[in-house]
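Q: I would like to learn how to read a protein model. Please take me through it one feature at a time.

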Amino acid sequence: MSVSFAGRAARARRLTAIAALSALALFPVACSSDSGSSAISGKAADQVSMNDQWIKAADSGMSAAFGTLNNAGDQPVQLVAASSPASARVEIHEVVADAAGGDKTMRPKEGGLTIPAHGSWTLEPGGEHLMFMDLKQPLRTGSETPITLVFSDGSSTTVTAQVRDFAGGKENYAPTTGDNAAHGG
Ligand SMILES: [Cu+2]
């Protein structure tokens, strides 16, 4: 259950408590005919798993998480957002080559990531990643942090990522060098 959905639900409850109760009483079996075409539940979160997920160790600022998303369902699944208690904000990023100098720039990926039906999508250094924009606490090597993945149908699932040292790659996943201009705008 995503935080934002819960927040909306709470507001709705405050504003229309009586109306909601009336609706429940009038239509107690409204959802019982929900029969998906797939044998698996229609919720994206029930079809997606993640493996080999990890996140770069960092003391503060930014970090990035990687791993392989697997879709066991008959339909493509769209990852549209992510969150973690370790970061004030998590964004889905892609890395693109700058036309000018060939420098790599990362930026929020428009529309999120699509995981093909019965397929997988790998987030890896140099490619797409989950960007932890503003760490609330240090990510220490060997510890773990939860990451909640939110899909286009509003369903979500939470995975646990291992914190690892990572020094490779040309991309700057933490503001340790320069002024972080590589992060684009
Ligand atoms: Cu990034």
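A: Begin with the surface: the protein exposes about 10600 Å², and carbon and sulfur atoms supply 54% of it. Accessible areas come from the Shrake-Rupley method with a 1.4 Å probe, and for residues only the protein chains shown count as cover. This is a predicted model, in which local features need pLDDT of at least 70 and side-chain atom pairs count only at pLDDT 80 or more, while totals for chains, interfaces and linings use all residues. Residues are numbered from 1 along each chain as its sequence is written, and side-chain values use heavy atoms, with hydrogens and water left out.

Q: How many helices and strands does the protein have?

A: Helices (H or I, at least four residues) and strands (E, at least two) are DSSP runs, numbered from the N terminus. Here there are two helices and 10 strands, in the order α-α-β-β-β-β-β-β-β-β-β-β from the N terminus on.

Q: Which protein donors does the copper ion have?

A: Donors are N, O and S atoms within 2.8 Å of the metal (3.2 Å for Na, K and Ca); water is not among the atoms, so sites may look incomplete. In this case they are His-93 (ND1), Met-106 (SD), His-129 (NE2) and Met-131 (SD), lying 2.1 to 2.4 Å from the copper ion. His-93 in strand β4 (residues 87–97) and His-129 in strand β8 (residues 129–132) are 36 residues apart, a pair that links distant parts of the chain.

Q: Is His-93 buried or exposed?

A: Buried means under 20% relative accessible area, exposed over 50%, and partly exposed in between (1.4 Å probe, protein chains only). His-93 is buried, at 0%, and His-129 is buried, at 1%.
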